[in-house]
Amino acid sequence: MVTKLLLRPQSLPLIAFSPKFIFPHKRFLPVCFSSPFSSAQSQFSDHSFSYGPSLCKGGHPSPPVSRQPQTECSQSILKTVVGNPERERLENEENEEVLFNGDAFTRVFDVAALRVPSKGCFELENRLRGHLLNWPRIRNIARVPGDEVEAELVELVGEQNWTNSDDGDGTNIDSLHRRIYGKAEGDGEPLSPVLYREKLVKTFESKGYVNFRHLAKISRPKKKKEKEDEGMKRMGKNEFAVVEVVESEELEVEDMKGLLGDEFKGGKWRGSTRLLLLDERYADKGVEELPEAIKALLKEDTQESKNPTIELVRCRLTLFYDYWQMNEVLEALLPKDMIIPSAFETVGHIAHLNLRDEHLPYKRLIAKVVLDKNKPKIQTVVNKIDVINNDYRTMQLEVLAGNHSLVTKVVENGLRFHLDLATVYWNSRLATERQRLLSGFTCSDVVCDVFAGVGPISISAARIVKKVYANDLNPYAVEYLERNSVANKLERKIEVFNMEGRRFISAMFASEKAAKITQVVMNLPNDAAEYLDAFKGILRDRPDAKFTLPMIHVYGFSKARDPEFDFHERIRIALTEVAVDVEMRRVRLVAPGKWMLCASFRLPTSVAFSKRRLSM
């Protein structure tokens, strides 16, 4: 007899489902695995693999479900993806994506388990902790479908029937069978379903269907369920594994589905039980070869009861595509010596990849795996195809998987930012740096954000400071900046401008606002240092005015061996000032040998009142 159980992550006992499952009908491109997977059965016995589940261990289900035929080839993945006419045709079709067959990742493992009463399963789990399976995302305790007992049935037969029965004759179980079926073992032929149902009505009257809500279904004809419905049970949320319990003796199968549910597969009901999945090393061991702790448990159970309540059973653990992590799937799909892309930036529902040149032939396969393993949070996967080389700082992106919408919403530090990644710039990796910068602002500050973008610094600062003047050259960014300030109810504290950076600096310090500005933020790492020349002679026309010169926070990149010295020199050259006291800080390493830095300094008086002023 075969019983199937469903595993869910971070859940208590496991829930059952139908043994068959069918994937939705889609157009699949064949993904052929190289030799490690074509001989998985033989490699399962190879102890060279590390402990735990692996795509290089176990075997394929028999018979395979929707599996593509495997072909013998030395570079199967390369033949599948590169130079495949079908793939090239699909790439040219709009709204079409390359799919691979997820059934090829299904692996079956032989494991042993102890079938124990559900009442003491957690105590036994703690007792046998070092001898259980302990695989990632797999619970050590599995539920046997259909044998779960309700409180009303416990009162009928007593709690000790399947645990510590002393008489051993099964009298109470036979009594229960008579109340359910009208007969027990040796009673002869049962009544017809219709007559038996009438008998139940007379016996239990109307209250019987309240206490036994499944009795009304006993005589009803069984519904024919479509295969697609059965398949959806496995493909539900977070359902990625199945345990099949293979019992040594075939029991007489009686139809108890009316009482215990359609998923009940067993014969004579033995009460509520659980499975303790044992370590994979004991899969093919007999009782005498098990560790002393397990043998002691079985011996104690035999001595305490005439009918043992703990038994050793053989199981088959099936892990589906949903079980495997993203890096495990990519390691199987990509060539052996290729670096596995494992990191990406998340912008709302968009996963932003920066793939290497070697990854480009497999970019759609990589995107498909990233999308599958990060749903529902990630709905779109894009790749940057060129460096940022335009005045608006927008990225050239290619949609690889998912929907094609790049309009998204980002929540950062409790604030909501709407943006279109195709027309504006956003970097989620700078969230920590933005918080560090804001921690130096006070409620009396007035901030001037020269390159504001959609407002990650400006809107966050508006919650702290007195006033924010935000500017950006990109009209799309300015539109989203105004929208985000309203969405976060900070529009009264933010004044938005759409100007070129130097003109904005000149206009701010030429107006009456100049005396109030205490902080200037210049977050344009590629060019911000070049805009510092706009501060030369900025207050030349106001020699008698009393100003508190602002703090300037400028960002930049450096590939030099000493990035701090290199960036400091660029600042001194832009200001034409030798004595500039700069506080330098490394923000992050954006590429090998390329650092992003932040320099903070007080605007020198000699620069602000210099007679040499930039001509606008």
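**Exercise 1.** Locate Glu433 in this predicted model, and decide: is Glu433 buried or exposed?

*Solution.* 
1. Glu433 sits in helix α15, residues 431-438.
2. Its relative accessibility is 7%.
3. The cut-off for buried is under 20%.
4. Glu433 therefore counts as buried.
5. Leaving aside residues up to four places away in sequence, Glu433 touches Tyr555, Arg585, Val587 and Cys598.

**Exercise 2.** Work out how helices α13 and α14 are oriented to each other, and which residues make the contact.

*Solution.* 
1. Helix α13 spans residues 326-333, and helix α14 spans residues 363-373.
2. They pack at an angle of about 160°, with axes 10 Å apart.
3. Angles over 145 degrees count as roughly antiparallel.
4. So α13 and α14 are roughly antiparallel.
5. Their crossing is right-handed.
6. From α13, the contact uses Met326, Val329, Leu330 and Leu333. From α14, Ile366, Val369, Val370 and Lys373 take part.
7. By class, the contact residues are seven nonpolar, no polar and one charged.

**Exercise 3.** Assign the faces of strand β11, then describe its pairing with β12.

*Solution.* 
1. Strand β11 covers residues 407-412.
2. In a regular strand, side chains alternate between the two faces of the sheet.
3. The covered face of β11 holds Thr408, Val410 and Glu412. The uncovered face holds Val407, Lys409 and Val411.
4. Strand β12, residues 415-420, runs antiparallel to β11, and six bridges join the two.
5. Val407 has Asp420 of β12 as its bridge partner.
6. Two residues lie between the strands of this hairpin, where Asn413 takes a positive phi near 55°.

Terms used
Residues numbered from 1 in each chain as written. Predicted model: local features only at pLDDT ≥ 70, side-chain atom pairs only at ≥ 80, totals over all residues. Heavy atoms only, no water. Buried < 20%, exposed > 50% of the residue type's maximum accessible area, 1.4 Å probe, protein only. Helix = DSSP H or I, 4+ residues; strand = E, 2+ residues; numbered from the N terminus. Pairing = 2+ DSSP bridges. Axes fitted to C-alpha atoms, helices over the stretch in contact; angles between N-to-C directions. Parallel < 35°, antiparallel > 145°, perpendicular 65-115°, else oblique. Left-handed = near helix turned anticlockwise from the far one by under 90°. Contact = heavy atoms within 4.5 Å. Nonpolar A, V, L, I, M, F, W, Y, C, P; charged D, E, K, R; others polar.
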